[in-house]
Amino acid sequence: MSSLQPVRGTHDLMFDDIRRHRHIEATAFEIAQRYGYSEIATPAFEFTEVFARTLGDTSDIVTKEMYTFETKGGESITLRPEGTAGVARAFITNGLAQQTPLKFFYRGPMFRHERPQRGRQRQFHQIGAELIGVAGPQADVEVIVLAKHILNALGVTNVTLQINSLGDAESRTAYRDVLVKFLSGRRDLLSVESRERLERNPLRVLDSKDPADRDAIAGAPKFGDHLNETSHAFFDAVKSGLTAHGVQFVVNPALVRGLDYYSHTAFEFVTDALGAQGTVLAGGRYDGLIGDMGGPVTPGIGWAAGIERLAMMLPALAPAKRPVAVIPVGPAEEQAADLLAAELRAVGFAVDVGYGGNMGKRMKRANKIAAVAAIILGEDEIKANTAAVRNLDSGEQTIVPRADLIGHLAPYR
Ligand code: ATP
Ligand code: MG
């Protein structure tokens, strides 16, 4: 294959695609700011350890999906597969423990080596939010309400919120034992991968998408039946908080995060509009993460959403701002046209010019860029210090004295 190809699973973003991405990012950040979030941009790569330690050596991301390479200096570097680990690393290395609670919004590219399909790329983009330093269920409610607010503002409404509780460490240990007992009895039904998970990280079996595993899991004991009293009260507070905010949800007992540092609330906004890639936004509470990374033990909760998946669910975008086009009739008027364009840009108009060729070709460009009006400069106009302004929607054309031009164009600004 020619090397002049985009790498599999990567895409060039241009025209309406990138407008959709930027619209999603801008809308999300505008709303996050109303909740007190400020933006953080961590590097697109980190020492491999940052992810290996946080995501655990049994997660799909770490075992299969990371882009890891050795630098010339012999350091192991990984392109970030997700945003939370980098934010937690930044929290620790910048010594932010005294400044909690902290609220961070992020956006940017993530990298995972997985099989590309609709809604699944190797370079994809996320927006995300992290609330660090608030231990109570109020924080869980707030980040979910924020997520819902953003989805609503984007017009992404055909989604269902699923939530579950992973309990505290005590509940998880108790549940893990019961689950291992259950699954061990059905070992023969499990996929090879899940048999391995059963040894190393049994909760992850519940997360399997393999149909055979799905059958084997059916009837598994539910996490919800093994929560201790503290965890129960926490989950109840989250549910009643969401209800008070008018946010509808369904409890999905199969919703798990296999990583030990996750606790209490796990949630996902899912849709059936995107086939197998149904999770649009996913999040959870990670009270153990920062401590596990070697930082001061600090609670946290957050979520991330895939921009490509959101973009597929977005209603049609509002049309882009239409420019005006300055069209010189011929080469002799080109400089005057360029200077008029500069004058109009200086006062805030979006202006493009008709480049080269005959009038037909120059006008074609005005139409191609969807200009709202053409300002035509010929020899006569320049001599008379006027311009011909043609409304490109109605075709109506008026001769306007140069002194009145900006006023005349005001509706097109
Ligand atoms: P999935 O189950 O679809 O693989 P995940 O559990 O790996 O998702 P998270 O790590 O929770 O996903 O990431 C949060 C969100 O980022 C997902 O809900 C999805 O919208 C998006 N996302 C994850 N991986 C990809 C990818 N390879 N391409 C596009 N979007 C992705
Ligand atoms: Mg995945």
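Domain bounds, as used here, come from an automatic or database domain assignment. On that basis, the protein has domain 1 (16–168 + 228–313) and domain 2 (324–412). The C-alpha centres of domain 1 and domain 2 lie 49 Å apart.

Colleagues, a word on conventions. This is a predicted model, in which local features need pLDDT of at least 70 and side-chain atom pairs count only at pLDDT 80 or more, while totals for chains, interfaces and linings use all residues. Residues are numbered from 1 along each chain as its sequence is written, chains are lettered from A and ligands numbered from 1 in the order in which they are written, and side-chain values use heavy atoms, with hydrogens and water left out.

I turn now to ligand 1. Its shell holds 15 residues, counting a residue if one of its heavy atoms lies within 4 Å of the ligand. The closest are Arg112, Glu114, Arg120, Gln121 and Lys209. By class, the shell comprises 5 nonpolar residues (Ala, Val, Leu, Ile, Met, Phe, Trp, Tyr, Cys and Pro), 5 charged (Asp, Glu, Lys and Arg) and 5 polar (the others, Gly among them).

Which strands each supply at least two residues of this shell? They are strand 6 (123–132), strand 10 (279–285) and strand 11 (300–306), strands being DSSP runs of E, at least two residues, numbered from the N terminus. Strand 10 gives the largest share, 4 residues.

Next, the polar contacts (pairs of N or O atoms within 3.5 Å). Oxygen atoms of ligand 1 lie 2.8 Å from a side-chain N or O atom of arginine 120, 2.9 Å from a polar side-chain atom of glutamine 126 and 3.1 Å from a polar backbone atom of valine 280. Taken alone, ligand 1 exposes 590 Å², of which the protein buries 85% (Shrake-Rupley method, 1.4 Å probe).

Definitions and conventions
A polar contact is a pair of N or O atoms within 3.5 Å; within protein, one must be able to donate a hydrogen and the other to accept it, and residues adjacent in sequence count only if both atoms are side-chain atoms.
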